[in-house]
Amino acid sequence: PEEFLEHTKLELFQDQVFCFTPNGRLIALPRKATPIDFAYAVHTDIGNTCVGAKINGKTAPLVSELQNGDEVQIITAKSQVPPSAWESIVVTGKARYAIRRATRAASRAQYSGLGRAMVERVFTRAGRKLNEERLTAVLPRLARGSVQEMFAAVGRGEIRPEDVLRAVHPDYKDERAAGPAPKGEGWFELGDSRPLKFKVPEMPGAVPVPIRGINAELPVHFASEGGAVPGDRIVGILTPGEGVTIYPIQSSALQAYEDEPTRWLDVRWDIDPDAPPARFPTRIALSSRNEPGSLAQIAQTIADHGGNIDNVKMTRQAPDFTDVTIDVEVFDVAHLNAILASLRDKPAISGVERIYG
């Protein structure tokens, strides 16, 4: 009788659902609420760091619609930043406002951090010391209200780091010779099996800018063609208003920026050890025999190694062979190489290679 009465009371509120935390705390939410709404109803910090949920003890998608009496457990990670796409998923105003605020703050912080690193590198190259008091004094020249705002503008590409240097040190003159930089200290040449070579400007004494860039909402993101995975030698290309696009050094797309050295950034991987393992997109191409079960063999091999197939494109080039392009998500270069090695051992596959874009 007590259970019947409890459910009867719950059904009286047709426009609400009542869920519980694992500790028994009651959370009232609008109909069609999701675990994301639940997380923000518990606490804003819980919502901002939410990465998953369990409903009644079972792992469930964050877009699941909650029902009366559900027990919801929220899984969090310190490095999580809520994506802006969540705004279209949640139904509560509190969650929508918190998501918008968190994504803006995270984007602003990363732009500012990127801009600071770029300014520090320019000052180091010029042999000058970066002094925030002097930066504050020249903010009116740069039309910015604070040092952090100025750094963010540099990170977005609205202000060149060289302009910051000249604002602080009007007497500074760049005495480097014009024309192509010589080989040797400060430059490196890297190539791959194709007849391509890239020269990337390196600043003496500078440290590569650390990037995480897993979240596409932030100003550091990966090139859409081929992508990059931890372990790759990577470079960043700065695009005003868009942030930095990360490319593996072997990417042929970098040829388009060879004449714009000021847009190149030396970057390095910075994976948060406390965050859940993340997969990164890359692309592979292979030639497969046109026989029953060949595609299943490819998919099973990738699955056995813990890879995730995101997209598959097949093109018939000959009666007996099919070219297959696969967008696959892997943890790092070692993970990708293990998948490629295993695919090469399959009798139905005649050749496998990674595509760099």
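Reply: Let us begin with contact, which means heavy atoms within 4.5 Å. In this predicted model, Arg-108, Tyr-111, Ser-112, Leu-114, Gly-115, Arg-116, Met-118 and Val-119 in H4 meet residues of H7, namely Gln-148, Phe-151, Ala-152, Val-154, Gly-155 and Arg-156. Sorted by class, this contact of H4 with H7 has seven nonpolar, four polar and three charged residues.

Me: Why are H4 and H7 called roughly perpendicular to each other?

Reply: The axes of helix H4 (residues 93-126) and helix H7 (residues 147-156) cross at roughly 85 degrees, coming within 6 Å. Angles of 65 to 115 degrees count as roughly perpendicular, and H4 and H7 are therefore described in that way.

Me: What makes H4 oblique to H8?

Reply: The axes of H4 and helix H8 (residues 161-168) come within 9 Å and cross at roughly 60 degrees. Roughly parallel requires an angle under 35 degrees, and roughly perpendicular begins at 65, so H4 is oblique to H8. The crossing of H4 past H8 is right-handed, and among the residues making the contact are Val-122 and Phe-123 of H4 and Val-164 and Leu-165 of H8. By class, the contact of H4 with H8 has nine nonpolar, no polar and two charged residues.

Me: How do you know that Phe-331 is partly exposed?

Reply: Phe-331, in the loop between strand E15 (321-330) and helix H10 (333-344), has a relative accessible area of 30%. Buried means under 20% and exposed over 50%, so with its 30% Phe-331 is partly exposed. Leaving aside neighbours within four places in sequence, the contacts of Phe-331 include Pro-230, Pro-277 and Phe-280.

Technical notes
Residues numbered from 1 in each chain as written. Predicted model: local features only at pLDDT ≥ 70, side-chain atom pairs only at ≥ 80, totals over all residues. Heavy atoms only, no water. Axes fitted to C-alpha atoms, helices over the stretch in contact; angles between N-to-C directions. Helix = DSSP H or I, 4+ residues; strand = E, 2+ residues; numbered from the N terminus. Parallel < 35°, antiparallel > 145°, perpendicular 65-115°, else oblique. Nonpolar A, V, L, I, M, F, W, Y, C, P; charged D, E, K, R; others polar. Left-handed = near helix turned anticlockwise from the far one by under 90°. Buried < 20%, exposed > 50% of the residue type's maximum accessible area, 1.4 Å probe, protein only.
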